[in-house]
Each structure stands twice: as structure tokens, then as C-alpha cells.
Amino acid sequence: MRTRTWAPYALIAPTLVLMAVFLVYPIASVGWFSLRQHTVTQPWKNGFIGFENFRRMLFEDQLFWQSLAFSAKWVVVEVGLQLVLGLVLALIVNETFIGRGFARALVFSPWAVSGVLTTGIWILLYNPSTGIFQQLAQWGIGDPGTSVLGDPATVFPATVVTELWRGVPFFAILLLADLQTIPNDLYEAASVDGAGRWRQFVSVTLPHLRDAIVLSTLLRAVWEFNNVDLIYTLTGGGPANQTTTLPLYVARKAVDSHDFGYGSALTMAGFVILLFFSILYLRLSKFGSRT
Amino acid sequence: MTQTLIRPATTVEPPPAPPRRRKHRDPSRYFRLHLPLVLYLLFTLIPFYWMLVFAFRPTGQTSLVPWPITFEHFDTVWNGIGFGLFFQNSLIIGVGTMIVVTVFALMGGYALARFKFRGQRVFLLALLCTQFIPGAMMLIPLFVIFKSAGLLNSLTGLVIADTAFQLPLALILMSGFVRNVPIELEEAAMVDGCSRLRAFFAVTLPRLKPALVAVGSFAFIGAWNNFLFALMFASKQDKFTLPVGLSYALGEFNTDFGALAAGGVIAAVPVVLVFAVVQRFLVQGLSAGAVKG
């Protein structure tokens, strides 16, 4: 069946225009800004300065390296835990039991909650005067007046748990969808061959989920790297910049100090890291090599 | 240049796998199924419950069962702080983005699934690459674009920004859904004398209802929840959205937890309800191969 040539192009035209204006052009413009001094508050100093922003970033900016190190720690811990818990959760709600549909809707529901709202909910839970730790202290567990977000020793785990609450359902949903495509015969065959439950999981389930795990881990790693809403509102990057990620640092440069040139240089660094990481990850995991 | 309809290998959906039942009652199910499920449910639900307690409990009480309930906090945030207006703004942006994303994703998804055209692979690759573009890091150039286009402090501007960032993934998902509708049906209608457009509306579109619901709902949730664009591009209070209003409540009413909780309930109820209804479609759609596009 033939068709007039313009039809598919007409159909994707709106998407192409939006992508060009709001995704492609901004990237190019970030590249351009990163080579300029551009501060909204001091426009008379604006101009082309070559790689000066990058020199400043790499050799003089302690906070750049610190935020980068925290970003790496955040992504590794957060994505690792989300993957393991998400896989366990997917396996659980893939079983047959009464009320399964309802249970799924409940455990997946935090996925629909925004980062800011997640912060709001957990601030209520964590607050030292009427939060859950105060309640537990009344029952004799722990100390009253514990402020998990104010204490440098507990702020990281407290933030991680908060993001887990919202992030685990993402993995659970994607992996559940893939679990449902595993033909039951495979399990029956493995069972006939005498494979136990663990053996079946390792030999049948995991290999089947491989591509889904690789893809969801990569997507999530990128999203967690870029995650700003939650950390911005929960800790604001504090105490003492301890929880400042690279995007949060960029946002602060852009919003607070209006230093667009330097913020763009930081953004370029983020791009290069994400691109490098993505290629490396797909190579190492030999993604798609089975097909 | 000739273009032909792609004829996807017709895969026969396997019948739903019968549940693996054991003849005897297996006591280990309690440890590997019920116990972890209950623990995880507690982890999920306690935070929600905590918010509800604070939202409905009169100021000054500490009981964990808020009874009798009060609506004073809702009155404070809805009328006093302006959450009524924020709710309206979020709703306009959410519905607007939902409509635009769904229509454009349907058009583009249909093009990807049913046509073979030059540049198709590049287009698909570009769509995938957009997933690596960090919205937070695009704030600076986007702000410049919005300023020069006069889109700052406008709900339309926010709909456009949300649409631009959600459309690529929505389009990929939609093309998977379209591919799952057998092309033979459309062809049969065209043999019977329908135009392609007519065949699409009469045959394919009705079968895409679950896909439209899923893609539309996720666009709605994404736009409803977006914080950074709303924070950056709508700084006037009459254009605040719920997440922005909440973020100010987080700082401003550090001690008024009742107001914060009530605002949270207002922001949570619509999306959690929508999600509870459509999560089924999402799992089915992804399962049917939509992500493997």
C-alpha cells in the first residue's frame, strides 16, 4: 500500500518543532553560554571568555568536586537500593493472592506523588516535635527530639529513605511488566529438571529480565542524577552543602546568583558525564547483544 | 521515494499463564510473600497516614487517630493561603498538557508504527536521547527562551514546557500501543472504501482507548507534579501551582504542620486516584512490548 510522502512528516512535525525549540536549541545555547561570562546582575561584564569558566570549575571550585562526589554517591546508593527492593516487590506482587490488584495500586501509589509533596509528607514524619521518632520515643524506642534531617550523621540515610519511598515503585512497575512476559513453560521445565525456587530465579527469571534491568537502571541513574525537586526542598543541599548534587548546584547558580555563564559550564560537565556514563554502561552490560 | 505500511510480524498473544498453584498449602508463603508484602505496605502507607492525621487533626492535639476530624486546616490553605487558586492553575496545566501530549503522541506514534519513512531511525534515536537531557540543567537557556517569547508567568508557557519534555517518551509508548493493533483491520476497512483517516478513526482509535487513558494520565500526573519549571517560569503568586505553593509552605509554615498536611492532601488526591485507576493499563501496556518499541 502506497501513501503520499508527506503524511508521516506532517504527523511528527509538531514533535520535531517542540524538540528543536525546547531541547536541541537549549543544548546548543548552553554550549555557547559556557564559553561566556554572563551574569544577569552585572551585564556590563558579559562577553566571550573562552574556556575560563571550565578552568575555574576544574581547578578552583571546591564545591564542584564536592557536589560531583555526592551526586555519584547518591546515584549509586539510590539506584542500587531501588533496583533490589523494586525487584523483590515486583516478584511479590506477581504472585497470585487475594486482593492483588488492590495491593498493587497501594504499593505503586507513591510513584504518582511529586518530589515536593514527598518532601512535605516526610517532613511531617521526620519532624522532631510531632514526628514518628517522637511517637516512638513515647513508646520507649529511641530518644525524644531526634532531628534526623538536622544531624549531619543521619541526613543522608534519611534523604535516601525518602527517595526510596517514591522511587522503588518505578522499578517494581517496569520489572513486573517484564515478569509477566516470561512463559510459564520455562518454570515448568525447570521444575521438572529439579530446579528449586532459587535456582529457577537465577536461571530463568534473572536472564529474562536482563534487558529490562539494564534499561531501567540506566534511565533511573540518569533521572536520579538529575533529581532536584526532592533534595532541593528536603535539605536544600545542606547541612553545610553536604547533600548538594551537581544539578542542585547548577540551579542555585542560575536562580540565586544569576551566573548563567558559569552555570552553563557546570551543565556541560554534567552532560559529558552522563553521556560518557551511558555509553560505558551500555557497552559493559552488552545491551541488546542477545537480539 | 516510496513508502509502505510496515507490516509487523503478527504475534499471537499467549494466553494468560495459569497461576502456579501448589496442591498442598505451602507455609513458606507466609515468609516469602505475606510478611514482606505487609512490611512494604507499612512503609508505603505510614507516611500517607501521617499526612492524613495531621491534615484532619485539630491544632494542638497529638492523638494518632484524628477524631473528631476538623476541616480548619483545609479552610486555611484553600482560602487563606490561596491553594484554591493553585489547584485551579495546576488543573489547567495538567489538563492542557494531557490533551496536547496525547494528540501529538498519537500522531507521531502512528507515524512511527505504520509508516516507513526516511529519517525514521534518526528520529527514534533522537527521541531516546531526550531521556538523557536533564530538565534541571536546561533551566538557564529555557529561561532565556521563555523571556524572549513572553511566556514567563503564563500557564500556556508551562503547558508548552511540560509538553516538550514529556512528549518524546509518550510518543515512544504510543507507537508501541499502535503497533499492537493489527494493521489488517485498518487495511480491511480501506479495501471496503474507507479513506486512511476514516479507517483510523473507525477501526484503530477505538482499540487505542486504554493507551490513550494511560498516556494521557501520565502526562497529567507529570505536569501536575512538575516543580522546577513552575518555580522558575511562574514567579507571580497568581500563577503558582500546587508544588510551588507547597514548597513555600515548607519554609513559611515551619510550625504549621496542619496547613502543610492539608495542602499535601489537596495536591495528592487527584494524582493518586488517577494513578490507582490507570496503573493496570501501564503494566499491561509495558508488558505488551511498548517499551521495546
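This is a predicted model: local features need pLDDT of at least 70, side-chain atom pairs count only at pLDDT 80 or more; totals for chains, interfaces and linings use all residues.
Residues are numbered from 1 along each chain as its sequence is written, and chains are lettered from A, with ligands numbered from 1, in the order in which they are written.

So what is the angle between α7(B) and α8(B)? Helix α7, residues 183-191, and helix α8, residues 196-207, both of chain B, pack at about 130 degrees with axes 9 Å apart. Axes here are lines fitted to C-alpha atoms, for helices over the stretch in contact, and angles run from 0 to 180 degrees between N-to-C directions. Helices are DSSP runs of H or I, at least four residues, and strands are runs of E, at least two, numbered from the N terminus.

Who touches whom? Among the contact residues are B:Leu185 and B:Met190 of α7(B), and B:Phe200 and B:Val203 of α8(B); contact means C-beta atoms, placed from the backbone, within 7 Å.

Now the chains: 77 residues of chain B are in contact with 78 residues of chain A. Helix α12 of chain B, residues 257-290, gives the most to that side of chain B, with 15 residues.

Last, chain A: over residues 68-281 the chain is 73% helix and 0% strand, and the end C-alpha atoms are 18 Å apart.

Key:
Two residues are in contact if their C-beta atoms, placed from the backbone, lie within 7 Å.
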